[in-house]
There are 2 protein chains.
Amino acid sequence: MKKILFLLYLPLSLYGQIPPVEAIRQWVKDNGAHILQEFIPLLKIPNHASDLPNIKKNADLLQQLFTSRGFKMQLLERLDAPPIVYGEYKVPGATRTWCFYVHYDGQPVDVSRWQHDPFEPVLYDGPMDKGGKQIPFPQAGEAIEDEWRIYARSSSDDKAPIMALIGAVDALKQAGLSYTSNIKLFFDGEEESGSPNVQAYLQNHPHLFEDIDVWLICDGSVFQTGAPQFKFGGRGITSMELTVYGATRPLHSGHYGNWAPVPGQMLARLLTSMKDENGKVLIEGFYDSVEPISAIERDQINKVPPVEAQLKKELGLVVTEGEGQRLNQRLLLPSLTVRGLSSGNVGAKSRNIIPNTATATLGMRLVKGNDPEKMLDLVEAHIKKEGWHIVYEEPDMVIRLQHPKIVKVTRSATGLKAAKTSMDHNKVKPIIETMREFTNDKMVLLPSSGASNRVYYVIFEVLKKPGIGVNIVNHDNNQHAANENLRLGNLWYGVELMAVLLTMD
Amino acid sequence: MKKILFLLYLPLSLYGQIPPVEAIRQWVKDNGAHILQEFIPLLKIPNHASDLPNIKKNADLLQQLFTSRGFKMQLLERLDAPPIVYGEYKVPGATRTWCFYVHYDGQPVDVSRWQHDPFEPVLYDGPMDKGGKQIPFPQAGEAIEDEWRIYARSSSDDKAPIMALIGAVDALKQAGLSYTSNIKLFFDGEEESGSPNVQAYLQNHPHLFEDIDVWLICDGSVFQTGAPQFKFGGRGITSMELTVYGATRPLHSGHYGNWAPVPGQMLARLLTSMKDENGKVLIEGFYDSVEPISAIERDQINKVPPVEAQLKKELGLVVTEGEGQRLNQRLLLPSLTVRGLSSGNVGAKSRNIIPNTATATLGMRLVKGNDPEKMLDLVEAHIKKEGWHIVYEEPDMVIRLQHPKIVKVTRSATGLKAAKTSMDHNKVKPIIETMREFTNDKMVLLPSSGASNRVYYVIFEVLKKPGIGVNIVNHDNNQHAANENLRLGNLWYGVELMAVLLTMD
């Protein structure tokens, strides 16, 4: 989903004052045009996870790009699934191993909505929707502006971190700087399809992954204001559908109106019992399992630049749930959302009937401590407390004639727990401190994204490994939509960031 | 809509003890087969109001059937509309004039759901869905059973009363009995399309209608138990659609869930504020304009055989709105029904979003005293009292940023007031008394049907003429659906009833 925003791009690459940033910055000036030329062929290969022949071409090119730079590469394969592009670079004497997670697949494209072919990268001198003009890709030695943008599918999400890593590798080589950690690469080919095989890949090749100390999960954009951003987790997710029953069939609203039960009215009452007007969920125990956030997490949340007033203005809102509280505070709590409602018909198709059912789909986002199944249990307990009889399939006449209020509950099959790495983790803290120095303490550290991510979950919660979400691309990159793009200033920021990571003490 | 029921057919035609019932009964025995033979050609002509060539054929045949019986017939016409088949029979010395309203158009047919061609009448020896078998139509002199049924579109709704009238006319002629009232006929050709021209027809030919003392509106079925039934009005109707607004676009439930307003939740709260759990509408003044019913009406309501327990069993209900109160009492109050709900998607199409709108369509049935526009005003006043800002078109950004809770109200363009003739009306009371005698006081008198009927409204409330809804057909006639049918016992009951009306003092 496209993020909206108000641009306030700070020159990210000027924050850093620590070596090897100066050397990298000069290398980028001299070699930026070359990096773009190497990026173009990678962007030209279509990359939807279901397009296995093209996915294989992407994987082959990625292997080639890193093999030529001294990485030992291989493809991990499963039948009928995109391969993992796996790589290693061993550093003599290194005492730690980091793994860079990136995904090389992209969202499907609706070509009719793109200004250009999504797999024919073009360069613009600014955002296309703000008057930017198409320009030729620069030749070696020509100056490159930070505000230029490459338009192509996956230019940001998520091939940009791969190119940033390649730039860092090349720049460090020219500067004669060595890596300070062993490096592993894990390039996922089906993240946009939910990474259904990532857990099997990791668990089927334990010897490749057991020595990894920290995962650097490179996906997602910097903060809305343009400030650097790092994330330490994602919310869990589950859902539940409720169908309430009136009579066995739709009834004539004249012959039965004011006598027959009205399912839409009954459902409204049930939903109203679940949440107060300020957005507080009234289901008993709903917030009880939430793990408290740490002092450092609270501290970081308080440092997040305020975006609420601007967001409300852009979204046409006067009040929000939990009005007055910060967005990122609210994302540290589980949510309960009516994501769908249906009964009879509205608009031109509406008829003079009393519908026989009404259905609501409830979405929940979960935080650390919340178990998806137990959270659904709490909702069911609430429903019972409100006097409802719960069934799990269509009620038959025997059931109907025993219970005045019947609701069918359908629980999600794909619940996911929240995932989080503690900012206090001893293998993570040094990275945070280096990034604080690199960004001149202007970075945003989010204890958790609001969204849900299976990769975070598998790494943090199944493998029990720490990780950091490393975000480099511009937030207004149109990811998942038409005219996806990458601001070049963010690519150079990524090159510097990767170089700092590869060489930090 | 098909009515459900439990059959308890009393031999309707045995109630009557008054002349000329005995004569008519004998005539039916001798001539029943002939009446059915005359019915068949009328049932063979398709009769949807939009099929003007066939509608004209129906009208022509009706003219011919009554012209040959001494009525002075004419077609009242409007361009592109079905004609009214109008007729007169003047009786020397008669001091009153009655008009029989019947409609000769029918509901559209879905042939695929019919057992036989809906316009090729067939005879069964019992209900098709309860093991009845097809039999040949009887020849003159053969015995005819009351439980036999004719299957054809409009066999009940509403060509049956026309045939009953023809039978009565023929039987009275053979018995040498004269009519005691001047008779007029008004056969509507578009009732199933809402009778959009009936008011214009009546008002454009005032000289034809001004001398009518009582309208006998022959449409609808006898009571669910099979008891004779007469109706004195219908409820009014109106509706209103409500759309509530969240953000300007659907939002990612991860990035914004627990912060962004949830329209489905807001709408549920609004709907819940309108009605209590027992079905009582909480909108201020909702019941204030209801005109009290008269003593005779209350008396008749109390006499209606109890059907609630059986209805609940058939519909799978343990409790109803106003649990414990009688269905026909509840129909004497205005109703407020959620007839449609929509927000985002449910089921397989449901996505992890916070929808940007939620919509409910409310249906209202009205009783005497309720003005449709004023009732909608009360709903709007309630919505405002609940803190909502009402708009009548999509809110723009200026509006959105001024009001925390915005609802768009769309009011019905086709509100209709309730219509009722008092059972105390001095021109109606003698008819009630005769019917009481004819039915041996076993009849059901309903002050109002729950349904809404433009014809009742135009006659009772615009022309200010009294009328009675005269119901003769079986309630389980599948009207409006496939396999519509007429129980022959009900046709003979209709013949007797018409004969009694035509000859009463």
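Trainee: What makes strand S3 and strand S7 of chain A a parallel pair?

Mentor: Two strands pair if DSSP finds at least two bridges between them. Here 7 bridges join S3 (residues 97-103) to S7 (residues 182-188) of chain A, and the two run parallel. So they meet the definition of a pair. Trp98(A) stands opposite Ile183(A) in S7(A). Strands are DSSP E runs of at least two residues, helices H or I runs of at least four, numbered from the N terminus.

This is a predicted model: local features need pLDDT of at least 70, side-chain atom pairs count only at pLDDT 80 or more, and totals for chains, interfaces and linings use all residues. Residues are numbered from 1 along each chain as its sequence is written, and chains are lettered from A, ligands numbered from 1, in the order in which they are written.

Trainee: What joins S13(A) to strand S13 of chain B?

Mentor: 5 bridges, with the strands running antiparallel. Ser343(A) stands opposite Leu341(B) in S13(B).

Trainee: How many residues of chain A are in contact with chain B?

Mentor: 69 residues of chain A, with 69 of chain B. Contact means that the C-beta atoms, placed from the backbone, lie within 7 Å. S13(A) gives the largest share of the chain A side, 9 residues.

Methods
Contact = placed C-beta atoms within 7 Å.
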